[in-house]
Amino acid sequence: MRVLLIGANGYLGRFVADRLLADPAVQLTALGRGDDADVRFDLASGSPGALTRFLDAVHPGVVVNCAGATRGGARELARHNTVAVATVCEALRRSGCGARLVQIGCGAEYGPSQPGSSTAEDAVPRPGGPYGVSKLAATELVLGSGLDAVVLRVFSPAGPGTPAGSPLGRLAEAMRRAMQSGDGELKLGGLGAQRDFIDVRDVARAVHAASLSAAQGVINIGSGRAVRLRDAAATLARVAGYGGALHELDGPPGPLRASIGHPRGESDHASPVAYPYPDGCGSWQQADVRTARDRLGWRPRINLEESLADIWMEAACRM
């Protein structure tokens with residue numbers, strides 16, 4: 001099976017590439033903006049015609065699109081998350097390769113949900129910010145393209161390679177600095193939100209399964225369990241062996257054994273971070289993952305403690 005992977009040098013793309021390369025039946029070609037790509041191509045500025053010519057030359061059976069942007073202004077997000085996907089869909093329609101498309105979506109497309117609920121694929125999407133809007137628009141383009149396509153809505157990825165700017169990445173970095181300097185206290189904010197964390201390696205397994213399947217439409221990829229960031233922080237502190245006192249700025253008063261966010265000075269106390277995820281999803285998000293089980297034969301394997309241990313291992317290497 002010849003697979004064209006777009007965005008192979010990104011956070012998710014690196015693990016998807018590793019997973020696909022481990023399959024001896026897969027012949028992988030990486031397309032992206034970086035120097036390490038087999039072919040350099042910018043989806044946001046490249047023409048569908050140029051991509052069509054490449055597809056006709058390579059003739060992949062599957063195209064996996066992991067490219068996109070998670071931060072930036074509305075214009076930048078629309079360019080990298082929506083216009084880029086429009087280019088992929090148009091190129092595939094023009095091409096004679098007949099490739100299947102596996103598009104990486106995100107849980108932010110759903111927007112806020114009722115605490116205690118599990119969001120299934122038939123929920124009406126109401127994204128609460130420009131990132132979710134740009135990803136939802138991309139999903140609608142894929143679903144309306146007439147292609148053999150599936151969109152994997154990935155919830156909150158975690159594990160090795162977690163970006164330093166993410167909530168868990170910020171926590172690990174704050175803890176590293178505290179331990180390195182001998183600080184016995186951290187003041188942190190943004191612990192109230194609950195998110196469905198899923199390890200990036202489990203995401204890669206889902207992409208692999210979707211590439212081999214005939215499933216179409218939208219499929220949620222998550223753990224199926226919402227975890228309060230305060231509890232995830234407690235686990236990370238235990239893994240790291242951090243024994244200092246951590247104070248939650250926007251939660252119940254008094255010291256906590258662990259928190260999440262970034263260090264703050266005294267001048268920051270008046271404006272704690274309410275929701276550290278810039279995803280517009282409010283205080284709660286939990287995926288219903290039964291469709292992934294039934295249509296892909298996929299279940300998450302890596303628990304959050306292992307994901308957090310890998311995040312800490314990378315942070316500790318910088319000490």
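The legends below describe close-up views of a predicted protein model. Local features need pLDDT of at least 70, side-chain atom pairs count only at pLDDT 80 or more, and totals for chains, interfaces and linings use all residues. Residues are numbered from 1 along each chain as its sequence is written, and side-chain values use heavy atoms, with hydrogens and water left out.

**View 1. Helix H1 and its cover.** Helix H1 spans residues 11–21, helices being DSSP runs (H or I) of at least four residues and strands (E) of at least two, numbered from the N terminus. Its buried residues (under 20% relative accessible area, 1.4 Å probe, protein chains only) include Tyr11, Phe15 and Leu20. Among the elements covering the buried residues of H1 are strand E1 (2–6), strand E5 (100–106) and helix H6 (200–212), where contact means heavy atoms within 4.5 Å.

**View 2. The salt bridge of glutamate 109 and arginine 153.** These two side chains meet at 2.8 Å, N to O, a salt bridge being a side-chain nitrogen of Lys or Arg within 4 Å of a carboxyl oxygen of Asp or Glu. Glutamate 109 lies in the loop between E5 and helix H4 (130–143) and arginine 153 in strand E6 (residues 149–154), so the pair joins parts that are 44 residues apart in sequence. Both glutamate 109 and arginine 153 are buried.

**View 3. The salt bridge of arginine 238 and glutamate 305.** The closest N and O atoms of this pair are 3.5 Å apart. Because arginine 238 belongs to helix H7 (residues 229–240) and glutamate 305 to helix H9 (residues 304–316), the pair ties together parts 67 residues apart in sequence. Arginine 238, at 53% relative accessibility, counts as exposed (over 50%), whereas glutamate 305, at 40%, counts as partly exposed (between the two cut-offs).
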